Amino acid sequence: MPPHYTDHVNPSYRGRIAPTPTGLLHLGHARTFFTAFCRARDAGGTLILRNEDLDPQRCRPEFTDAMYEDLRWLGISWQEGPDIHTDIGGPFAPYTQSRRRGHYLRAWRALRDQGVIYPCTCSRKDLSRIAQAPHEGAGESDEGPMYPGSCRPAAGTVADAAQYPEPAGVNWRFQVPDGESIGFEDAHFGPQRFLAGRDFGDFLVWRRDDVPAYQLAVVVDDAAMQITEVVRGADLLLSTVRQILLYRALGLEPPLWYHCPLLRDQSGQRLAKRHDALSIRSLREQGKSPQELLAEAR
């Protein structure tokens, strides 16, 4: 388990902001990214911007350009990133996920060879039927209905993965240690603990369309870029325990964690990129200043 946050002194603080260019940044992003910026600045450390553009169908160049402009307009600056080092230079380049495939493949092979991941042939239609069916003890998670283990290897066996020299063509899931309690110390919310197999199930690490899943990519990149503290939204608290399992399987040291409370709209729904009226770009066009927006985001 990672050390208690207040007991950890790291003179070489490395934080990161990791926007996904699938839409315009909104007020919730502004608060989270500004918090990450302030924590890196106050620690006298380095802030990295990583462009998490893995999804080729949803990520668009115009959103990438907008995120750089909106972040800088808010007063957020970073010392490493694809725009600073043209994604070639810099100590940990490339800083754009779509250019880091080799890193993810090496991690996938390491997990495959250990037998901790397995191929899953369930289609979207299969999973949709699972979601609609009444199910006992298979709760909802932040990734949707818990995967019921349809393709999971039988107890006491491991997947026959030797026939898969590459991950494409099937989904790949990490087999969680059912019944194990996974915990971590969060610098904002305090101690967190989740039970594998109850609070979360086997999760994706690689998609059948040959795209690395978020959980794997973020672990590989945060470790490779030597991130010492991850600042992100509270909607990813459960993702953290999944990632701790990946860190452990890959023999990597997890960073420290700081999860920010979520901003919600008037109906109580958390802000998302569908809230165009609350995008930073729209609020800028209404004449709001960075100071006003950041005050509203508190």
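This is a predicted model: local features need pLDDT of at least 70, side-chain atom pairs count only at pLDDT 80 or more; totals for chains, interfaces and linings use all residues.
**Glu180 and Arg248**

Glu180 pairs with Arg248 in a salt bridge, and their closest N and O atoms are 2.8 Å apart. I then looked up where the two partners sit. Glu180 is in the loop between β6 and β7, and Arg248 is in helix α6 (residues 237–249), so the bridge ties together parts 68 residues apart in sequence. I also checked the accessibility of Glu180. Its relative accessible area is 27%, so I log Glu180 as partly exposed.

**Other salt bridges**

I searched the whole structure next and got 23 salt bridges. I took two more pairs one by one.

Arg281 and Glu69 meet through their side chains, with 3.7 Å from N to O. This pair links distant parts of the chain: Arg281 belongs to helix α7 (residues 280–285) and Glu69 to helix α2 (residues 61–73), 212 residues apart. Glu69 has a relative accessible area of 42%, so I noted Glu69 as partly exposed.

Arg152 and Asp178 form another salt bridge, at 2.9 Å from N to O. Here too the pair links distant parts of the chain, 26 residues apart. Arg152 lies in the loop between β5 (144–145) and β6, while Asp178 lies in the loop between β6 and β7 (181–186). For Arg152 I read a relative accessible area of 25%, so Arg152 is partly exposed.

**Arg173**

I moved on to strand β6 (residues 171–174), where Arg173 is found. Is Arg173 buried or exposed? Its relative accessibility is 6%; the cut-off for buried is under 20%, so Arg173 counts as buried. I then looked for what its side chain meets. A polar atom of the Arg173 side chain lies 3.1 Å from the backbone oxygen of Asp202.

**β7 and β8**

Last, I followed the chain into β7. This strand is mostly covered, with five of its six residues buried. How many bridges join β7 to strand β8 (residues 190–195)? I found six, and the two strands run antiparallel. Three residues stand between β7 and β8, and the two strands form a hairpin.

How values were computed
Residues are numbered from 1 along each chain as its sequence is written. Side-chain values use heavy atoms; hydrogens and water are left out. Helices (H or I, at least four residues) and strands (E, at least two) are DSSP runs, numbered from the N terminus. Buried means under 20% relative accessible area, exposed over 50%, partly exposed in between (1.4 Å probe, protein chains only). A polar contact is a pair of N or O atoms within 3.5 Å; within protein, one must be able to donate a hydrogen and the other to accept it, and residues adjacent in sequence count only if both atoms are side-chain atoms. A salt bridge is a side-chain nitrogen of Lys or Arg within 4 Å of a carboxyl oxygen of Asp or Glu. Two strands pair if DSSP finds at least two bridges between them.
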